[in-house]
Amino acid sequence: MSIPDFNLLVTLDVLLAEGSVARAAQRLRLSPSAMSRALARLRETTGDPLLVRAGRGLVPTPRALELRERVRQLVQDAEAVLRPIEKLDLKQLVRTFTLRTSDGFVENFAADLIARVGEQAPGVRLRFVPKPDKDSTPLRDGTVDLETGVVGKTASPELRTQALFRDRFIGVVRTGHPLSQGEITPARYAAGRHISVSRRGLDKGPIDDALKSLELAREIVTMVPGFSTALALARASDLIASVPQRHTANLRSAMHSFSLPLSVPTFTVAMLWHPRQDADLAHRWLRGCLRDVCAQPLLAENGLL
């Protein structure tokens, strides 16, 4: 089955509106002969003469009159589809965005993001889904609109990324813990009992590498998959949690936080999205909201430089 030439719809729309081959040709910037050939193709395609001579002019056939409004609407719909969106009406926007993030990111930033989105676009909902790995497939297949995290080597090179903030690891203990008083040296920090945070259940990481360079090692008592779990355990015990500062700002209230006495690299948390979303005005707006929320300054904390 051959694919119809949809350009003929535009030609038919103009012909029916003008009722003249010459005027239709002028409007579409075609020669009269080219327009006559287009009319001949339309007659062949529809099986109807469409326009017939009456005196010096042309008049539409009943079939043409039947088609006129339908063709006009089809052309207008096609123009609307292909026309760039010039302005986004946030108050009328109805849409659900899916964000894939860590639990810590949701617990620390989601409330402010939801409030900002709700104020500007009350018809928009945010769906947060867990991030068990760094697989880029959900962004590529469109099941996830936006993702946050540290951009790793396994991230697809086709993805767009934009930095949100820099973060660093700090130590956190319960109020009254021995490490809440006095100078914290590498040896004193290493001598405590520690919680390791790893989605993959690993018990070694950058902190252990920094301790090893000083010929020190820490005792890992337990391993948990998320920072909020680590902080809950530290709050209820003498265990030490080492967590990102910005990621956990809202979760460490009434706990003692301190700078690690080690040289541990900082890292950048970014948002990631697929290139298909670049030009989408609603998606661009959401990215701006997330940027603004993450750009809010972190309040000074006792025990942290």
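Let's start in strand 11 (255-259). There, Ser259 is the bridge partner of Ile170. Helices and strands here are DSSP runs, numbered from the N terminus: H or I with at least four residues for helices, E with at least two for strands. Strand 7 and strand 11 pair in the antiparallel sense, over five bridges. Pairing of two strands means that DSSP finds at least two bridges between them.

Before I go on, the model. This is a predicted model: local features need pLDDT of at least 70, side-chain atom pairs count only at pLDDT 80 or more, and totals for chains, interfaces and linings use all residues. Residues are numbered from 1 along each chain as its sequence is written, and side-chain values use heavy atoms, with hydrogens and water left out.

Back to strand 7. Strand 10 (240-244) pairs with strand 7 too, antiparallel, over four bridges. Opposite Val172 stands Ala241 of strand 10.

Next, helix 9, residues 227-235. Which of its residues are buried? Phe227, Ala230, Leu231 and Ala234 are. They span an arc of only 95 degrees around the axis, so they sit on the same side of helix 9. That arc is taken from the directions from the helix axis to the C-beta atoms. Buried means under 20% relative accessible area, exposed over 50%, and partly exposed in between, with a 1.4 Å probe and protein chains only. What covers these buried residues? The cover includes strand 7, strand 8 (193-197), strand 9 (219-224), strand 10 and strand 11. Contact, by the way, means heavy atoms within 4.5 Å.

Now the rings. Rings of Phe, Tyr and Trp (its six-membered ring) pair if their centres lie within 6.5 Å; planes under 30 degrees apart are stacked, over 60 edge-to-face, and the rest tilted. How many aromatic pairs does this rule give? Four. Take Phe105 and Phe109: their centres are 4.7 Å apart and their planes at 35 degrees, so this pair is tilted. Both residues lie in helix 5 (residues 103-120), four residues apart, about one turn of the helix. Phe105 is buried, at 2% relative accessible area. Phe109 is buried as well, at 5%.

A second tilted pair joins Phe169 and Phe267, 5.5 Å centre to centre, with 50 degrees between the planes. This one links distant parts of the chain. Phe169 is in strand 7 (residues 169-174), Phe267 in strand 12 (residues 267-273), and they are 98 residues apart. Phe169 is partly exposed, at 21%. Phe267 is buried, at 17%.

Ring pairs also link Phe105, Phe109 and Phe165 into a cluster. Over the face of Phe165 lies Arg246, 4.8 Å from the ring centre. For a charge to sit over a ring, NZ of Lys or CZ of Arg must be within 6 Å of the ring centre and within 35 degrees of the ring normal. Arg287 has its charged end over the ring of Trp273, 4.2 Å from the centre.

Arg287 brings us to Gln277, which it contacts. Where is Gln277? In the loop between strand 12 and helix 10 (281-295). Gln277 is buried, with 10% relative accessible area. Leaving aside neighbours within four places in sequence, its contacts are Arg95, Asp145, His283 and Arg287.

Last, the domains. Their bounds come from an automatic or database domain assignment. Domain 1 is 6-82, domain 2 is 90-146 + 154-162 + 272-295, and domain 3 is 169-265. Between domain 1 and domain 3, the C-alpha centres lie 75 Å apart.
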